[in-house]
Each structure stands twice: as C-alpha cells, then as structure tokens.
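Here is a short briefing on one protein model. It covers an annotated domain, a pocket, a cavity and a helix.

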Amino acid sequence: MKAIRTHAIGGPETLTLDEVETPTPGKGEVLVAVKACAINYPDGLIIRDMYQFKPQRPFSPGGEISGVIEALGEGVEGFKVGDRVLAGIGNGGLAEKIVVPAGRMFAVPDGVPFEKAASLLMTYGTTIHGLKDRGHIKAGDTVLILGAAGGVGLAAVELAKAYGARVVAAVSSEAKGEVAKQAGADAVVIYPREAMDKDASKELANAFKAACGPDGANIVYDIVGGQYSEPALRAIAWEGRFLVVGFPAGIAKMPLNLTLLKSCDICGVFWGAFTAREPEAFHAQVNELFDLMKAGKIDPLVSETFPLARAGDAIAKLEAREAVGKLVVTMD
C-alpha cells in the first residue's frame, strides 16, 4: 500500500510517497481502508516536530480519516467488515490503510460523503468542546470568531448560530467574509494580513467593538493568535471568555491588565487532551454533532480535494492561510 511519510524534520516539501506493508489489526483494533483524510493545522506542525506529540519517524501525518472497515482484530464488537467509519487518530491518516483502535471510531451516518465525514471530528469537535465546555455559550451571546473562514472557523460560525448566538466573523479578505456570511455570520470584520503598528491595532480593536456592539463579545474564539489577539481582547464583554484555540499567526503576548478591567477569562481549548481525559463526554459531543448534521444545522464545507501524492500541497496551502473551509486528501 502507499503512504505519505516524513523521514526528517521539515515542511510539506520533505514528505515522500512510500510503498509500505499493510498493517494487521491486533486485539481491539480494526483495519480501515482510508477513503478521505482531512488536513488540519497540526499536520504541518507535527512534521516539523513543533506539535505537542512527536511520533517516531518515519510516520504519516493526518489526524482524522473516514473509510471502510476491511478487517477486525480479536475482541472487536459493534463493528463489522464493510462498515463506513470515521476516526480521530492523531497521525497516520495519509495512507491507503490504517489500523485504528475500535474505541476511537464512529459509524458514518447514511448519506454523509466520506470527505465531509473526515472533516467533522477535529474542527467541529474542537469547537463544540470550546464553545460549550470552555466558553459556556448560551442563546443571545455575541461570539467574535477570528479566522472565521477556515475549517475550524466555519465550524464555529455554524455551531454558535446553532446555539442561538450572534456571530461576528473576522477574516482576511472580502471573499472569505462572503463565505462566513453564507455559513450564517451576522457581521464581518476584515483584518489586514500585513504587520500592524500600534495605530492599526487600535483601529482593528475599534472595528471589533463596533461590530460586537456596546456590550462587547461574550466569547472570543481565537484560532489565529499573533497580532490579532489583543485587539479582539479589547472588544470582549464584561466577564467574557477568550478562548485560545490556535496560533497560525504566532503566539500572542497579552496585556493582562485587560483581564482585570473586563473581569474576563482567558481559557485554553486543548481538544486532543480532552478526548483522552474525558472519553464519555467526547463521545456524547460527537453524537450531538451527528444530530446537528442530520438537522441541517452544520455542514462541513470541503472546498478542495487532493490525491494522496499531492498531500504536501494541501498542507502547504493550509499553512499559507489560503484555504477556505476544509482541504481533504482522497484515496480514490
């Protein structure tokens, strides 16, 4: 079988398409023929040894997959050969076949394409955990979302609207703003891609405040970081919740006096650790996501697909912040 693998620390250009042996499922495991693997920001970090987890090389990136069960290991119950499944796996998904612990798999609902199934867990899973467990979202809240046109950002737009919030989408272009509006955003703020000086940062903070309204944002969902975090924090409401999700623009240095002035919280959203520490809560949230999908309240936007041999191009496009919605590698 074929697999995209990293043999040395580096960017997506260092990835190679290798011929490797098909793995055999052990006790409690299944062999899945991968049909789709969604690309996420951690895929670029993990091949550079910049992620929280550092697998032993050579390994395949790719943290969420969908496919069809080809073989069952000893003791597996609740699944059978031929079942359509999805799974969050951390890494290893950019391969034609992969062994997955049965406890990390979910059945794909009828009618859901593999590309959309592979796009559900990390983006919507991160976001439902962030908005509900860390942000304590409620109907009537105002939610400011940075990077609102990416995979996680659009998931945040859809879920915030599903929970009855007003959504302000912050994006880097008019085109991305239109995508966020189509997903349900009530207002859009365009932020600059170039470096901002103090005056430009203040101007962006004022734009956020104007869009959020006089009471500010009850929740700031920060997927971007860098120079955009402080202006967003300045637009937060009294006792608001600032959710730290990712740092493609760099790790921000926040003036903590603002947390005192707004009596607000800065909360980390580490979904991967949450799934390991609280598996029952994780499974309940995935089931809730399926229900929301069936109800038509969420629908992953897959903007582009890539063959396995071009998986590195998909990672590079995501790193360049050029992606809208989800990028997915397909095996067929």
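Helices (H or I, at least four residues) and strands (E, at least two) are DSSP runs, numbered from the N terminus. The model is predicted: local features need pLDDT of at least 70, side-chain atom pairs count only at pLDDT 80 or more, and totals for chains, interfaces and linings use all residues. Residues are numbered from 1 along each chain as its sequence is written, and side-chain values use heavy atoms, with hydrogens and water left out.

**Domain**
- An unreviewed UniProt entry places "domain: Enoyl reductase (ER)" at residues 10–329.
- UniProt positions follow the numbering used here, feature names are shortened, and annotations may be inferred rather than shown by experiment.
- Residues 10–329 are 32% helix and 25% strand, and the end C-alpha atoms of the span lie 20 Å apart.

**Second largest pocket**
- A pocket is an open set of points on a 1 Å grid over the protein atoms alone, with protein on both sides within 12 Å along at least five of seven lines; a cavity is a set where a 1.4 Å probe fits but cannot get out; lining residues have an atom within 4 Å of a point.
- The second largest pocket has a volume of about 260 Å³.
- A volume is the space filled by probe spheres set on the points, which are joined across faces, edges and corners.
- Its lining has 18 residues, and Ser60, Gly92, Ala95, Lys97 and Ile98 are the closest to the pocket centre.
- β1 (2–5) and β6 (97–101) are the elements that give two or more residues to this lining.
- β6 gives the most, with five residues.
- The lining of this pocket divides into 11 nonpolar, three polar and four charged residues.
- Nonpolar means Ala, Val, Leu, Ile, Met, Phe, Trp, Tyr, Cys and Pro; charged means Asp, Glu, Lys and Arg; the others, Gly among them, are polar.

**Largest cavity**
- The whole structure holds one cavity of 30 Å³ or more.
- The largest cavity has a volume of about 40 Å³.
- Its lining residues include Ser119, Tyr124, Leu154, Pro300 and Lys326.
- α4 (151–162) and α3 (121–134) each supply at least two lining residues, and α4 gives the most, with three.
- This lining has five nonpolar, four polar and one charged residue.

**Helix α6**
- Helix α6 (residues 198–212) has 15 residues and should span 21 Å at 1.5 Å a residue; its end C-alpha atoms are 21 Å apart, which agrees.
- The expected span is 1.5 Å times one less than the number of residues.
- Ser201, Leu204, Ala205, Phe208, Ala211 and Cys212 are the buried residues of α6.
- Seen down the axis of α6, the buried residues fall within an arc of 130°, so they line one face of the helix.
- The arc is that of the directions from the helix axis to the C-beta atoms.
- Asp199, Lys202, Glu203 and Ala210 are exposed on the other side of α6.
- Buried means under 20% relative accessible area, exposed over 50%, and partly exposed in between (1.4 Å probe, protein chains only).
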